[in-house]
Amino acid sequence: MSKFAVFGHPVAHSLSPQIHLAFGRQLGIVLQYEAIDATPELFFDALESFAASGGAGANVTLPLKESAFALSATTTERARRAGAVNTLARLDGQWHGDNTDGAGLVRDLTGRHQLDLRGRRTLLLGAGGAARGIAPSLLDAGIAGLHLVNRTPQRADALADALGDPARVHPRHIGDLHELGEFDLVINATSAGRGGTLPDLPRSLLGMRSVAVDLSYGEASIPFLAWARAHGAYRAIDGLGMLVEQAAESFALWHGVRPYTDEIHAQLDARHAALVTAD
């Protein structure tokens, strides 16, 4: 029986075990999947212990995605562009790192929500592992421009440099938000809903056709999506669909077959009010 896990801190409320076990039942693949709490200081030891016990693959969530990149012996091109890893596969006694976050987000927005991302002026709030995971895929999907805003401007600058597309990627100071005008797409990749504080977001960021997306889901997505609805966003979308789609990408990497996602998404969405973000 193949053995998998999700690493994070905190991680007890992660939906990843439920999602991957459901995928396995759907496709007749027997597997084990557990949640392992590890701080950044203990992540390496926890990962090595998991490998020694027969671990074949792992998902990685906050705050370990950049650490997972550093610990990977080899990485995919999309992981290198992101500088962050959310999916690990054990190959020839070493960890191979990938990042499925961006593919999961784009698949959710373009497939489930029928959004055309091409030509959209986009604002990305945050520059940590979550933001790094999705930024390359947004550019590949054809957005017109990506404005990066982070409380620590050096992190926004570093992400912009890593993306290597100065014609479309523009790091900005959080104090500049009131001067940036209206965006077609506003994405929250901060930890504001998980105990942090939502930045002071001006109403001018949103227009009648603007779409607001929070990478969190359940109770953690409430502050940002409430702001978006109160200020007239055309649509407000949480990160549950992205979670399911990135999990399907990871599952396909490990097992060579991509599961269907609509059924498990519908089941989780029905429990939306009770969900806590830990992925």
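Helices (H or I, at least four residues) and strands (E, at least two) are DSSP runs, numbered from the N terminus. The structure is a predicted model, in which local features need pLDDT of at least 70, side-chain atom pairs count only at pLDDT 80 or more, and totals for chains, interfaces and linings use all residues. Residues are numbered from 1 along each chain as its sequence is written, and side-chain values use heavy atoms, with hydrogens and water left out.

With a relative accessible area of 1%, D214 is buried (buried means under 20% relative accessible area, exposed over 50%, partly exposed in between, with a 1.4 Å probe and protein chains only). Beyond its neighbours within four places in sequence, D214 is in contact (heavy atoms within 4.5 Å) with N188, A220, S221, F224, L225, I237, D238 and G239.

Helix α7 (residues 153-163) comes next, and its buried residues are A156, L159, A160 and L163. These four lie on the same side of α7 because they cover an arc of only 100 degrees around the axis, the arc being that of the directions from the helix axis to the C-beta atoms. An α-helix has 3.6 residues a turn, so residues three or four places apart point the same way. The buried residues of α7 pack against α4 (77-82), α6 (129-140), β8 (145-150) and β9 (169-173). Exposed Q154 and D161 sit on the other side of α7. Just after the helix, G164 takes a positive phi of about 65 degrees.
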